[in-house]
Structure formats: C-alpha cells, structure tokens
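Reader: Could you take me through one part of this model up close? I'd like to hear what it touches and how it sits among its neighbours.

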Amino acid sequence: MTPPEPSLFPAISGRPAVRLMGIPSDQHSSFLRGSASAPPAIRAALYTEASGMWTESGLNLGDSSLFKDAGDLTLEGSQNLVDQIASAAEAAFRTGDRPLFLGGDHFITYPLVRGMARVLAHVTLIQFDAHPDLYDEYEGDRLSHACPFARIMEEGLVDKLIQVGIRGANGHLRDQARRFGVEVLEMRALPAKWPAGLAGPIYVSFDLDVLDPAFVPGVSHPEPGGLSTREALRFLDCLPGPVIGADLVELNPLRDVGGLTAVTAAKLVKELAGAMLKPA
Ligand SMILES: [Mn+2]
C-alpha cells in the first residue's frame, strides 16, 4: 500500500485526543546520561494523588477520550534509533491523535519530526530551550542532542523554526541560525510576543532547561537566567492552534532535587495537552 501524501491536517473525525508516549533514549547526550529514566518519573508525578488531572483551562485529562497513555516505546537495541523512533512517531500521527512524547534527551526530536513529516506538511516547529541545538556536529556525533535542529532544517522537515528562551549561543550556533532562517526569541530580549502571523499546524519541542534551574534543577545542562514556569505557561497559553504534536525532553532524574523537576514536567505535560486540545 502506498502511504498517503503528507497533508496539512491528518484525517481527524471528531475531537482529536492527546496520546502520551515515552521515548527512553539518552545515548546521544554529550555530558550526562540519565534522561532515559525520565518517562516513569514524569508519570509518577502526573498520576499522583497529590494533584489532579485538570488543566488550567478546565479540561479533565482523566477523561480517556481526551488523554490516552500509550506507554513507552520499546527500543530494540541502540542501532537504527532514528528509524525506530521515526516509525513510532509516524504511526502515532497516523492514528489522528495528537502525540505528546516524553524524552529522553533532545536527540529524539529529530526522528520524531522526521516521522511526523511523513504524515503532516507545512508545520511550524517551536523550540523552547536554553540552547539552540543547531550544531553541525558535536564531539564527532551528528546525532548528538546538540544537533537535532540542524538535521531537521537541512532535511526541510518543517516550514519554519522558532526558538524561545535561548541564552549564551556561540558564534557557530548564531551562524547556523542565520543559515537556516531561524527566528530566535532570545531570553535577554524577553518578554516577547509570538511573531505576527504565526499560525498552525504547530509542533512544540520543549526542553526543560529553557526554565531557570531554580525551577528545574534536574536537567543535564542547567543554564541560569531562564524562564519561570509561569512565563513558559503563558507562552503556551497564547499559542495559536492547532498544536498537533509536542515533545518534552531532558529531565534527568539523577540530578533532580526532591522531585521538583518531575513535578514541573508533569505540570507541563498537562498544559501542553491543554494547548493541543484547544479548539481551533
Ligand atoms: Mn537545552
């Protein structure tokens, strides 16, 4: 059977649901391992009795017609990770649900977006991150978690990339951003608004280290001077729709303090889901 051509929107009957899926991969991390164990830590904080499943906008994610949990992807060894993850992402998008992936490190966004691009065209990619992750290669690894957005832009997998929260980019990364026509909302220029004319479909890649380490100590590359949790939620709340997919990456439970980062990640899962369920 010939796969259907990528289209602006997948065939969706009725209201799409959010489909949660963990991608436990951290082998392309450059500094510290540990983010592969993030999905269970986020789920433990998400499904706790200590807080409910309601979004701030008033949606009950305990309703399985709105929010499904597909568990974690089983990765068959460390070979062909790009193909394994891209295939899983493609299958998730073909369901017509809106996938919300839990990393893992930021490497996973490249195969996730690659799989999405087999199903959806003309997507705008919004990256929340302290770091541009635009290296051509990093320590000899072109799949490093410092490189995914260079691969995505080289392959033309999205129409546009907008980065939020960047701080401390070096000369190479600034050159790469210019080369790929990336719109950068730098942390030092905030508060900022979304660019005029921003429209869906939108995929959000959320690196927890865009937040200040005071809010998320459990990340592998803490970078002070970041967004507060509330500032990030405000950005999400005023995103135009539809948000058709998202990932949340770089929680490192080995670095967490009192489970604070996992709780913040769980909050972001709920509010990302809320943004994805917002009526167009
Ligand atoms: Mn980062």
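Author: Let's start with Ala177: leaving aside residues up to four places away in sequence, Ala177 touches Pro132, Leu134, Val182 and Val184. Bear in mind that this is a predicted model. Ala177 belongs to helix 5, which covers residues 171-179. Is Ala177 buried or exposed? Ala177 has 21 C-beta neighbours inside 10 Å, and the cut-off is 20 or more, so Ala177 counts as buried. There is also Leu161, 16 residues apart from Ala177 along the chain, with 9.4 Å between the two C-alpha atoms.

Now for helix 7, and how it packs with other helices. As background, a packed pair of helices is described by the angle between the two axes and by the distance between them.

Helix 7 takes in residues 260-277, and its axis comes within 10 Å of the axis of helix 6 (residues 229-237), crossing at roughly 15°. Angles under 35 degrees count as roughly parallel, so helix 6 and helix 7 are roughly parallel to each other. Their crossing is right-handed. On the helix 6 side the contact is made by Thr229, Leu233 and Leu236, and on the helix 7 side by Thr264, Glu271, Leu272 and Ala275. Sorted by class, that contact has four nonpolar residues, two polar and one charged.

Helix 1 (residues 38-46) meets helix 7 at an angle of about 75°, and their axes are 8 Å apart. That angle falls in the 65 to 115 range, so helix 1 and helix 7 are roughly perpendicular to each other. Helix 1 brings Ala41, Ile42, Ala44, Ala45 and Leu46 to this contact, while helix 7 brings Ala262, Val263, Ala265, Ala266 and Val269. By class, the contact of helix 1 with helix 7 has ten nonpolar residues, no polar and no charged ones.

How covered are these two? Helix 7 is mostly covered, with 15 of its 18 residues buried. Helix 1 is mostly covered too, with seven of its nine residues buried: Ala38, Pro39, Ala41, Ile42, Arg43, Ala45 and Leu46. Those buried residues pack against strand 1 (18-23), strand 2 (67-72) and strand 3 (98-103), as well as helix 7.

One last check, on length. At 1.5 Å a residue, the 18 residues of helix 7 should span 26 Å, and the end C-alpha atoms of helix 7 are 26 Å apart, which agrees.

Notes: Residues numbered from 1 in each chain as written. Predicted model: local features only at pLDDT ≥ 70, side-chain atom pairs only at ≥ 80, totals over all residues. Axes fitted to C-alpha atoms, helices over the stretch in contact; angles between N-to-C directions. Helix = DSSP H or I, 4+ residues; strand = E, 2+ residues; numbered from the N terminus. Parallel < 35°, antiparallel > 145°, perpendicular 65-115°, else oblique. Left-handed = near helix turned anticlockwise from the far one by under 90°. Contact = placed C-beta atoms within 7 Å. Nonpolar A, V, L, I, M, F, W, Y, C, P; charged D, E, K, R; others polar. Expected span 1.5 Å × (residues − 1). Buried ≥ 20, exposed ≤ 12 C-beta atoms within 10 Å, placed from the backbone.
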